[in-house]
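Thanks for coming, everyone. Please look at the model on the screen while I talk.

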Amino acid sequence: MADLRINFAGIKSPNPFWLASAPPTNSGYQVQRAFEAGWGGAVWKTLGEPILNISSRFAGTHFNGQRMAGFNNTELITDRPLEVNLKEIYETKKRFPNHTIIASLMVEPQQEKWHEIVKRVEAVGVDGFELNFGCPHGMAERGMGAASGQVPELVEKQTMWAKEVAETPVIVKLTPNITDITATAYAAVQGGADAISMINTINSLAGVDLDTWNTIPHVAGKGAHGGYCGPAVKPIALNMVAECARNSTINVPISGIGGVSDWRDAVEFMLMGAGGVQVCTAAMHHGFSIVEDMVDGLNNYLDDKGLDSVEDLVGKSVPKYSDWGDLDLNYKTVARINTDTCINCNKCHIACEDTAHQCIDMLTAKDGSNYLKVHEEDCVGCNLCSIVCPVDGAIDMIEIPSDEPMTWKERETAIKQPSCGISLVK
Amino acid sequence: MNRFKDKTTSLKDLSLNFNEIEPDLSPKEAMDESNRCLYCYDAPCITACPTDINIPSFIKKIASGNMKGSAKVIMDANPVGASCARVCPTEDLCEGACVLNDASLPIMIGNLQRHATNWAIKNNEQLFEAGEDNGKTVAIVGGGPAGLSAARELARLGFNVTIFEAKEKAGGLDTFGIVSFRLPQEVSLWEVEQVENLGVEIRTNTMIGRDISVSDIESAYDAIVLAVGLSKVPMLGIEGENANGVHDAINFVETTKTPPLREDFIGKKVAIIGAGNTAIDAATCSVRLGASDVKMLYRRTEAEMTAYEFEYEFAKQENVEFRWLTQPMKILTDSEGKVNALECIRMELGEADVSGRRRPSPVKDSAFTIEVDAVIKAIGQSRFVDLIEEFDLSHDRGIVTIDSDTHQTSNPKVFAAGDVIFGNGQGEAMVVEAAEQGKLTAYSIYKELIGENATVNA
Ligand SMILES: Cc1cc2nc3c(=O)[nH]c(=O)nc-3n(C[C@H](O)[C@H](O)[C@H](O)COP(=O)(O)OP(=O)(O)OC[C@H]3O[C@@H](n4cnc5c(N)ncnc54)[C@H](O)[C@@H]3O)c2cc1C
Ligand SMILES: Cc1cc2nc3c(=O)[nH]c(=O)nc-3n(C[C@H](O)[C@H](O)[C@H](O)COP(=O)(O)O)c2cc1C
Ligand code: SF4
Ligand code: SF4
Ligand code: SF4
């Protein structure tokens, strides 16, 4: 049994699985049920003003029979009065003193507003704050949420205001609706953030109704962009976590959010530098009980890997993430088809023939059976065939011996060298 | 859905006929199927499983690649979950309750359960640990599913457990009674090993009442679990029954569970008397031993037969012939005392009896003879009445009377589980029922001797 506890920027939690600030953390009743089910922490649904919402507000993107591959919402922050939320936070913390409760906050960009809310909320005993600079709709139109979150100076300033009065750690939650996440991450660090979390939802339009021509969802026949989350956004979130994790100027812990659906996703985020993860859509899809397999699966994984503690995972893959210019230009792989396992659907052939490098031949053996073969000289190792192949193990990507490694950056330097007999060896 | 791949039987290598008929799920099938499960809340499949396996949870774990976790969820609720994955009548239980029955196709719960437990078997995982010694001792009489299940839970609760097993190996009918092509012996023996690894002592070749007296174990242990199952097939009470070539179905199936396989059935004509699941097993084993002509004789009709639908279908596919309304009267033998024919009489159905089934009665002057080389009797199982009486337990014709909540018998030290209490509306004779009863027995012994609510070690 490995140790699943984390110490995230000084915030202690029994395990790295927190519910993200969203509908699952809207009330004391829900958060208490979640803790009973095994969640290590909860970031309370964002507190602040105004208290209003619309109906309807969610849409799912279903893909080829898989429901909620992505999820879209136009919900705002909490629509329950602050006093009610504070009372329930207090009660929940009292019942579950060892679980983590973080209060998510959003107010107008004014120093006294931040001071006031931080003080009031801290008084009920939260373990930390998360500043919501991410909500992409509604709040943004009033200069809050993503509207602040897209402006590094506003992120820095507001973080500073929160830090001026907060006694517990302050996490800054970033919006992905920006060109370079490290710019706002850096601003948060400059403002004194103890940690950052990412991502909030991505601007999106889930769909259009083919019969009514209304947007999905619509409010009395009109729609607006919403925030996208769920499994579909995981690669985007993972990249943003990775970019911040490998940036030495952003030297604070990261809470990974975006499409975490099972323990394997969590491991990936942690390997890429997240000190813990937050989950919203997966819990909305399946209920709180999914955390049981998250905890159990993570524990079994750590045992398998011979690791004593989940914290041993954090950042292990960060050194492997770099720039295109650092990749070895001479490294080569080719596809190889295992005729024993191949079911002859020919999907790899047509993918390669029509859209890649025309190197998978459809052949007929002496006994009349069909088989496929890659002419490896022409294969560029793009992976397309193995990605479209429906059968595990039918296509292997084989590493083949190649020349001495050389990266683009090395090549650039080499070309700039005078050609008169100076050795390229460093 | 019929997933059986090869339906031909080999006469050259009979052992091939006893390989599992249903193929394992391929990794892709398992992944596709596990992702199809809806992960229902308050899922009806759980309620339909007698051992309450948390089915959506174990399936979700297959989908997330947490195979150990998946196997643990199964085996935690059901100490013989690997066997059950193969022998449960899933259509009537878990799969029958799956919400996808009407929407598309029910999830193949049994096969997924088999996939997860196969992983544990292949990886030789010990899934559970013994609890801290609580100083109490329990004797378990009979090492079948009921006894093993009780032993496993008792060991996790910290008891010192000894299983007394008459046969040379534990596992009961899982090991010796259920046909190999549905349940290979290794699977059952792995489950036995899981229990042994918790420190449970299994004394094989030890029959209570013969090798050790009832009073000896009664005085030596704090509690006793009686899990002896059922006994032999009873006598038909017809002439020629002791002839050479007449078999007890259970003994007969047992000979097919361990090599070498008998070759004297090749090309022979076999008649099976009865039409329950055991009769079907005897019939299909005969086919797989190479018999050329296999008939099942039943004195009632198709409508009254007790075999499961899928068993019946399977037997038909194996070319077993069914003769309804046929009652054997006499077994005829040749000069060497070997069976060569069976004299029968035709029956007709009359008024319904107390059980609601129409009573068969002989049709006048309808006697006829069929040529046979072997006769297999499969008309139910008798009970260990002597042993039950030696324990001084109240019973009804060998069905041990228990308190249905606690499984305690009329002798407060003795608890009973499994087939030994089956009958009179007390459950069904199924492996999964035996497992559940064993579990419940363990918990009530804990309550009785230790007094708290049972929680077991992971
Ligand atoms: C041919 C056949 C096919 C079946 N097929 C299925 C099926 O497909 N699916 C299903 O769910 N169920 C099936 N069953 C029923 C199932 O096998 C039983 O319900 C189940 O095995 C009962 O478990 P048990 O532990 O009570 O008894 P058993 O499995 O009978 O185990 C009892 C054990 O006690 C031992 N024993 C007996 N007397 C003594 C003694 N005096 N001292 C020490 N040890 C003793 C025996 O050797 C045996 O090992 C089948 C049964 C038969 C006969
Ligand atoms: C309906 C809905 C409401 C949300 N409300 C908030 C909120 O109030 N505050 C906040 O910081 N994030 C909010 N989020 C964003 C989530 O906290 C999370 O960042 C995002 O959903 C990505 O995680 P996921 O892919 O696990 O869902 C909301 C998300 C959804 C779907
Ligand atoms: S895609 Fe895969 S399975 Fe299909 S033909 Fe190619 S190698 Fe075979
Ligand atoms: S033990 Fe049997 S009834 Fe229960 S889930 Fe498994 S196969 Fe279904
Ligand atoms: S009822 Fe069917 S779909 Fe629902 S959890 Fe059970 S197996 Fe899955």
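A residue counts as near a molecule or strand if one of its heavy atoms lies within 4 Å of it. With that in hand, take the ligands.

This is a predicted model, where local features need pLDDT of at least 70, side-chain atom pairs count only at pLDDT 80 or more, and totals for chains, interfaces and linings use all residues. Residues are numbered from 1 along each chain as its sequence is written, chains are lettered from A and ligands numbered from 1 in the order in which they are written, and side-chain values use heavy atoms, with hydrogens and water left out.

What surrounds ligand 3? Residues of chain A, among them A:C342, A:C345, A:C348 and A:C389. The shell has 10 nonpolar residues, two polar and no charged. Here Ala, Val, Leu, Ile, Met, Phe, Trp, Tyr, Cys and Pro count as nonpolar, Asp, Glu, Lys and Arg as charged, and the others, Gly among them, as polar.

Now chain B. Around ligand 4 sit residues including B:C49, B:C84, B:C88 and B:C94. That shell holds nine nonpolar residues, three polar and no charged. Around ligand 5 we find, among them, B:C37, B:C40, B:C45 and B:C98.

One of the residues around ligand 4 is B:V432. Helix α17 of chain B covers residues 431-449. Helices (H or I, at least four residues) and strands (E, at least two) are DSSP runs, numbered from the N terminus. The 19 residues of α17 should span 27 Å at 1.5 Å a residue, and the end C-alpha atoms are 27 Å apart, so the two agree. The expected span is 1.5 Å times one less than the number of residues. Just after α17(B), B:G451 takes a positive phi of about 100°.

Back to chain A. It is divided into domain 1 (6-320) and domain 2 (324-409), with bounds from an automatic or database domain assignment. Their centres, taken over C-alpha atoms, are 40 Å apart.

Chain A also has an open sheet of four strands, in the order β5-β6-β14-β11, with antiparallel pairing. Two strands pair if DSSP finds at least two bridges between them. Which strands are at the edges? β5 (58-63) and β11 (202-204) of chain A, each pairing on one side only. Five bridges join β5(A) to β6 (residues 66-73) of chain A. One bridge pairs A:F63 with A:Q66 in β6(A).

Last, confidence. The model scores ipTM 0.88 and pTM 0.92.
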